[in-house]
Amino acid sequence: MNASVGYSGAFGVTGALGFTINNFSLRNPLEGGAGQILNFDWQFGEGARFRTFSLSFTEPWLYDSPTTLGVSLFDTRQVYVTDLQQTGISVRLGRRLKWPDDYFSLVYSINLTQYKLRNYPIFDPNFKNGTSNNVSFKIALQRSSVFNPIFPTSGSNMTTSVQFTPPYSLFNKDLATSANPYRTPEYHKWRFNAEWYVPIGKPSGAEK
């Protein structure tokens, strides 16, 4: 279990509180050993002007199979001259594949984020007040053969993904010209990322 607490009073009351519990069991919390991960983080600053918290849980062996289930919650609020609040939840389900090799995995996720704005032109100068609900789906194909993920010395990471929202414009042609066109944003994102770890120089001493 890792925990951290911070405090500062230079510009009002600010602080942070967080903890991570590794390798515990939701069924038998006192015994542990099930590989589950629970993470909590809370930060606040300048009185009530800024705060954010997040909570996440990961089950690496769903139904005793190489299937990962993850749930994350977060809420952030900034209150100055403007006001922005973000609240979201995401659920992801990943499965390790046997083909083309054991390094591949397929991950599905659903993400819901709500933005509440007051005098905050984050998207468009004409959109300063209102609510935006971002609902998206993501599919990612990953391959990881990294040796020692904390301090990688060899292997590679490759990920290709597509993230998209429901096709709202197919059902409502007037959405783009409505009073709040950002109420249900519509988009699709395609990404590819690749990393290779190669040792520099010849190993010597204990490494050899």
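The dialogue below treats salt bridges and then a surface patch in this predicted model.

Q: How many salt bridges are there?
A: A salt bridge pairs a side-chain nitrogen of Lys or Arg with a carboxyl oxygen of Asp or Glu within 4 Å, and by this rule the count in the predicted model comes to 4.

Q: Which parts of the chain does the pair of Asp75 and Arg51 link?
A: The side chains of Asp75 and Arg51 meet with N and O 2.5 Å apart, and the pair links distant parts of the chain, since Asp75 belongs to strand β5 and Arg51 to strand β4, 24 residues apart. Asp75 counts as buried because its relative accessibility is 8%, under the 20% cut-off, whereas Arg51, at 29%, is partly exposed.

Q: Where do Arg143 and Asp101 lie?
A: These two side chains form a salt bridge of 3.0 Å, N to O; Arg143 lies in strand β8 and Asp101 in the loop between β6 and β7, so the pair ties together parts 42 residues apart in sequence. Arg143 is buried at 18% relative accessible area, while Asp101 counts as partly exposed at 22%.

Q: Which residues do salt bridges with shared partners join into one network?
A: The residues joined in this way are Arg77, Asp83 and Arg118, and within the network the closest N and O atoms of Arg77 and Asp83 are 3.3 Å apart.

Q: Which elements give two or more residues to the nonpolar patch?
A: The patch on the surface has about 830 Å² of accessible area together, and its members include Ile89, Tyr108 and Phe137. The elements that give two or more residues are β6, β7 and β8; Ile89 lies in strand β6 and, at 34% relative accessibility, counts as partly exposed.

Terms used: Residues numbered from 1 in each chain as written. Predicted model: local features only at pLDDT ≥ 70, side-chain atom pairs only at ≥ 80, totals over all residues. Heavy atoms only, no water. Patch = residues over 30% accessible without salt bridge, like charges linked within 9 Å, V, L, I, M, F, W, Y side chains within 5 Å. Areas by Shrake-Rupley, 256 points an atom, 1.4 Å probe, with all protein chains shown as cover. Helix = DSSP H or I, 4+ residues; strand = E, 2+ residues; numbered from the N terminus. Buried < 20%, exposed > 50% of the residue type's maximum accessible area, 1.4 Å probe, protein only.
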